[in-house]
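Keep the structure open beside the text and follow along.

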Amino acid sequence: MNPLLATLGGKLTERWLNLLVLPGALFLAATAVGTTLGQRHWYDADRLRTTLDDLAARPALDRTGTAALVVALLLLTAAAASLAVQFLGGAIERYWLRPGRDRLSRALTARRAGRWTRLHAQLEAAVAEIPLRGTGPHGAVLVPPDVQARIEDLTGARDRIALRTPTRPTWYGDRMQAAADRLESAYGVDLATLWPRLWLILPEPAVRQIQSAHDSFSAAARLAAWAVGYALLACWWWPAALAAAGCAVVARARARDALGALAALVEAAVDVHGRELAQRIGLIGADEAGLLGHEAGDRMSELFRKAE
């Protein structure tokens with residue numbers, strides 16, 4: 001039992017240091033430097049060195065108890081800052097995935113939908129104007145390289161906005177909505193009602209991969225929260241704006257990758273295990289072959305909604 005407790009304690013300590021203390025300590029250090037130097041002396045290393053020397057020369061810091069108390073206070077402050085960032089990161093995660101029923105969100109959705117529609121129209125026009133340049137194997141049409149490059153550019157630009165006509169104010173919400181729409185189109189299932197039941201029967205490897213993708217998305221939201229903190233610090237010390245910009249850029253890239261992986265995994269889970277769920281609740285016989293059909297999918301959605 002003692003080795004087990006020691007192992008668990010070591011993992012908890014490592015997680016506490018990595019998630020709470022180290023990011024918070026880095027922010028506290030940047031805050032201390034920024035408030036000491038300010039905007040006018042942002043580059044003055046001598047000023048910072050003098051402040052550190054004056055602080056180290058104080059008699060109270062020579063006492064072991066006082067030094068230990070200061071270290072403990074710094075650790076607690078760093079942990080408190082990280083906890084605040086985690087709370088803000090959760091709010092940012094919900095903001096990214098919001099349905100967008102307020103006036104501003106509806107305006108953002110309309111703007112994104114307009115851009116998507118224009119690019120989609122340009123893409124359709126480019127595809128329609130493909131000149132025939134002979135045929136390849138099995139009657140395939142050969143597309144000139146310049147036309148193919150334009151089609152790929154337009155497709156990439158359109159998909160960076162959304163995979164389908166935008167109905168949410170953010171790319172993140174539209175990506176999850178696209179997954180739900182594709183599953184409803186393929187199987188007739190309502191992902192919102194199906195998912196909690198499907199989650200109960202997923203095998204451990206699938207659960208771990210989905211949870212890992214979700215954790216990566218949450219970590220990206222926390223990084224965006226740190227960007228907000230450094231942006232506030234930039235009001236007193238402008239170099240913090242560089243850290244804020246870096247955190248924001250990395251957070252956006254990681255969030256897109258993580259949510260794209262999460263949406264793909266959710267679709268794959270329904271593809272692979274949706275029929276198994278229908279069998280478990282008695283809608284499909286175990287001896288029946290084939291894919292999950294619309295009739296079974298509609299029946300599952302109706303059953304899971306209950307009296308809604």
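Asp 174 sits in helix α6 (helices are DSSP runs of H or I, at least four residues long, numbered from the N terminus). Asp 174 is buried, its relative accessible area being 6%; buried means under 20%, with a 1.4 Å probe and protein chains only. A polar atom of the Asp 174 side chain lies 2.9 Å from the backbone nitrogen of Thr 167, a polar contact (a pair of N or O atoms within 3.5 Å, where one must be able to donate a hydrogen and the other to accept it).

Leaving aside residues up to four places away in sequence, Asp 174 touches Arg 112, Ala 162, Pro 166, Thr 167 and Arg 168, where contact means heavy atoms within 4.5 Å.

## How the model is read

This is a predicted model, in which local features need pLDDT of at least 70 and side-chain atom pairs count only at pLDDT 80 or more, while totals for chains, interfaces and linings use all residues. Residues are numbered from 1 along each chain as its sequence is written, and side-chain values use heavy atoms, leaving out hydrogens and water.

## Helix α4

Helix α4 covers residues 103–128, 26 residues that should span 38 Å at 1.5 Å a residue, and the 37 Å between its end C-alpha atoms agrees with this. The expected span is 1.5 Å times one less than the number of residues. At the start of α4, a side-chain oxygen of Asp 102 comes to within 3.3 Å of the backbone nitrogen of Leu 104.

The buried residues of α4 include Arg 112, Trp 116 and Leu 119. Among the elements covering the buried residues of α4 are α5 (145–161) and α6 (171–187).

The largest pocket holds about 510 Å³ of space. Met 176, Leu 191, Trp 195, Leu 262 and Val 266 are the closest to its centre among the 22 lining residues. A pocket here is an open set of points on a 1 Å grid where a 1.4 Å probe fits, with protein on both sides within 12 Å along at least five of seven lines; lining residues have an atom within 4 Å of a point. Helix α6 gives the most to this lining, six residues.

The second largest pocket has a volume of about 340 Å³. Of its 16 lining residues, Arg 112, Trp 171, Tyr 172, Arg 252 and Arg 256 are the closest to the centre. Helices α4 and α6 are among the elements that each supply at least two residues of this lining.

Note on methods. Buried < 20%, exposed > 50% of the residue type's maximum accessible area, 1.4 Å probe, protein only. Points joined across faces, edges and corners; volume = space filled by probe spheres on them.
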